[in-house]
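Here are a few notes to read alongside the model, written as one colleague to another. Keep the structure open as you go through the points.

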Amino acid sequence: MSHSSAPERATGAVITDWRPEDPAFWASRGHRVASRNLWISVPCLLLAFCVWMLFSAVAVNLPKVGFTFTTDQLFMLTALPALSGALLRVPYAFMVPLFGGRRWTAFSTGIMIVPCVWLGFAVQDTSTPFSVFVIISLLCGFAGANFASSMANISFFFPKAKQGGALGINGGLGNMGVSVMQLIAPLAISVSMFAIFGGTGATLPDGSMLYLENAAWIWVPFLVIFTLAAWFFMNDIAASKASLSEQLPVLKRAHLWIMALLYLATFGSFIGFSAGFAMLSKTQFPEVQILHYAFFGPFIGALARSMGGMISDRLGGTRVTLVNFVVMAVFCALLFLTLPVNGQGGNFIAFFGVFMVLFLTAGLGSASTFQMISVIFRKLTMDRVKAQGGSEEQAMREAATDTAAALGFISAIGAIGGFFIPKAFGISLDLTGSPAGAMKVFLIFYIACVFITWLVYGRKAKK
């Protein structure tokens, strides 16, 4: 038994010898280690999405327990975590090569306990000022940044032929956290669970009790468990260590910015619609109990993302992305037919159905654009290193670092959609009383993405 396989069992778990592209290594050891890291990464990321989108379920209920915030303020609370999450994804993208995947996953999962505990106390005191909710919602954004480091980390473990599938599973099942939270939070707030910790609940006008603190506190025990799981059972890969100066040149690539735009249209739509859909439905169809159905959209989008990586590995990411944008544009246009005009008409079932297709395509496109990023950046870096006379092994290592940095940075830009979309709905409703103005902007953007994908990647990539 060689020395290199010894550290695998140790809790320090730093792997010094890692060659996923070597078939013999992958079969004997690599596959097992990569799978174990993936299956601990998934629940950590799923919990991160639960915490990141907490306010999409909490904001709708704040007026019920006695807070007197305006509709625009409530939209603001659902939008802010996406803003801090997007901005923090940039530094988070560079953290795994600096600190190691195991350490960083444990740390970034553990710190999410802070906003959860705080929010639980804040919602029980109606004198809590709006500014405190703003701070907590920005802290929830830290959870959204985990995606960048998580995807970068998993990309180091898998060979390129399996990356689309692995990133699809990690990202897709991670995205599932939005729907898990929107399903569990409404159930959790109807029962007393944490009375022992001071969860008192609020009495509603109809005499029923609402334990809004549970929406935040229910995640704490799970966060503790998976922080420990990450610390004791994940691995740090020594070869993935890289300084900031080695990771930053990727920002000079034109492809980074083009792909960031396409990812903003897909993942930005997924996270923006997830954050804003419940509030939007409430304004358009106040008679519908939307929190009973809100989780369906993110659920469909996350499933589509899990499948989308594998489909893209097979059919080519460019082709999947192109068809996907066409469908997004068509259904965005159809949405106008379902909205009430001046409070009259409108069809909730059609509105809901069209939105479900938008969630589906946003999820599918998130996976196919990510697969394109892996392929494009790997090829660019390999070609560059070889042209400079570098070895195959050096090219592989730089390609892995570049791809991870690109994935992280592009995911940061995509996440900004989570801020702009709910904010656009809020502004559009404020100015015109209808979300149609915001939808027009999205429609133009999707049509632009069809042309960009075709012009830059579609024409020459006929494969």
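**Notes on the packing**

1. Let's begin with the inside of this predicted model. The largest nonpolar core has 135 residues, and the members that touch the most others are Leu62, Phe133, Phe355 and Phe425. Helix α12 is the biggest contributor to this core, giving 15 residues. A separate, second core has seven residues, among them Leu88, Met95, Ala145 and Ala148.

2. Leaving out residues up to four places away in sequence, Phe133 touches Phe55, Leu62, Phe67, Phe69, Leu77, Leu119, Ala122, Val123 and Thr128. Leu62, then, is a contact of Phe133 and also one of the residues that touch the most other core members.

3. Next, a pair of helices. Two packed helices are described by the angle between their axes and the distance between the axes. Helix α1 (residues 23-52) packs on helix α7 (residues 130-157) at an angle of about 170°, and their axes are 9 Å apart. Angles over 145 degrees count as roughly antiparallel, so α1 is roughly antiparallel to α7. On the α1 side, the residues that meet α7 include Trp26, Leu38, Leu45, Phe49 and Trp52; on the α7 side, they include Cys140, Phe147, Ile154 and Phe157. By class, this contact has 14 nonpolar and six polar residues, with no charged ones.

4. Now to helix α17 (residues 417-432).

5. Which residues of α17 are buried? They are Gly417, Gly418, Phe419, Ile421, Pro422, Lys423, Phe425, Gly426, Ser428 and Leu429.

6. Last, is Ser179 buried or exposed? Ser179 lies in helix α8 (residues 160-188) and has a relative accessible area of 3%. Buried means under 20%, so Ser179 counts as buried. Apart from neighbours within four places in sequence, Ser179 is in contact with Phe295, Pro298 and Phe299. The C-alpha atoms of Ser179 and Met53 are separated by 9.3 Å, although these residues are 126 residues apart along the chain.

Technical notes
Residues numbered from 1 in each chain as written. Predicted model: local features only at pLDDT ≥ 70, side-chain atom pairs only at ≥ 80, totals over all residues. Heavy atoms only, no water. Buried < 20%, exposed > 50% of the residue type's maximum accessible area, 1.4 Å probe, protein only. Helix = DSSP H or I, 4+ residues; strand = E, 2+ residues; numbered from the N terminus. Core = buried A, V, L, I, M, F, W, Y, C linked by side-chain atoms within 4.5 Å. Contact = heavy atoms within 4.5 Å. Axes fitted to C-alpha atoms, helices over the stretch in contact; angles between N-to-C directions. Parallel < 35°, antiparallel > 145°, perpendicular 65-115°, else oblique. Nonpolar A, V, L, I, M, F, W, Y, C, P; charged D, E, K, R; others polar.
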